[in-house]
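Biologist: Could you walk me through how to read burial and salt bridges in a model like this one?

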Amino acid sequence: MTPLILLAAEKKSAEVTDWAARLGWLVGLALFVALVYWLMREGWKWRGTLQGDLPELPTAPAAPGAARLTMNGRYHGSTTAGQWLDRIVAHGLGTRSRVELTLTDAGLDVVRPGARDFFVPLDRLREARLDKGIAGKVLTEGGLLVVTWEHGERLIDSGFRSDRAAEHTEWADALNQIINKTEGAR
């Protein structure tokens, strides 16, 4: 036999997979992901604890009056007014959801299927504007209807996006007109 054939015959194939090491890495990665998820959840709960001074959210009155405007879309969350990254999570205000907004003579009714509904009385509305972002959501300029309202002693910005973006301007104008009338009457 030639030396080359002997050399090839003596070689042994390397083991393809070290299952113990691979399983160890997989378990380690799963534990790391679980730890990160748990830390994020604890941070969310801690933020809710820090915002525990926020009073309960008002509910819609039994007879809110006729609807002036309605809108279907998405609720993207609430933040401290003027601080678009300071998300408010207390009382479910940090939970994104579908939304049905209704503006009545009594105020703004926010119905969120699968999340907690709330109502903003007319005398608590402060401003409406078109913006490009709120905590966790950035859109094109004017892609978000942001409503500023007072709850307890805190001003809150809540972000809404209509299924039909053309409605945003109509909503901002109508809300600001109502807010100006209400402030003039005070």
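Biologist: Is His76 buried or exposed?

Modeller: Buried means under 20% relative accessible area, exposed over 50%, and partly exposed in between (1.4 Å probe, protein chains only). His76 has 5% relative accessibility, so His76 counts as buried. This is a predicted model, where local features need pLDDT of at least 70, side-chain atom pairs count only at pLDDT 80 or more, and totals for chains, interfaces and linings use all residues. Residues are numbered from 1 along each chain as its sequence is written, and side-chain values use heavy atoms, with hydrogens and water left out.

Biologist: Which residues does His76 touch?

Modeller: Contact means heavy atoms within 4.5 Å. Leaving aside residues up to four places away in sequence, the partners of His76 include Arg87, Arg96, Ile134 and Leu144. His76 itself is found in strand S1 (residues 67-80); strands are DSSP runs of E, at least two residues, and helices are runs of H or I, at least four, numbered from the N terminus.

Biologist: How many salt bridges does the structure hold?

Modeller: A salt bridge is a side-chain nitrogen of Lys or Arg within 4 Å of a carboxyl oxygen of Asp or Glu. The structure holds 10. One of them joins Arg126 and Glu150, with the closest N and O atoms 2.5 Å apart. Arg126 lies in strand S6 (residues 125-131) and Glu150 in strand S9 (residues 144-151), so this pair ties together parts 24 residues apart in sequence.

Biologist: And what about Arg164 and Glu167?

Modeller: They form a salt bridge too, at 3.1 Å between the closest N and O atoms. Arg164 is partly exposed at 47% relative accessibility, whereas Glu167, at 13%, counts as buried.
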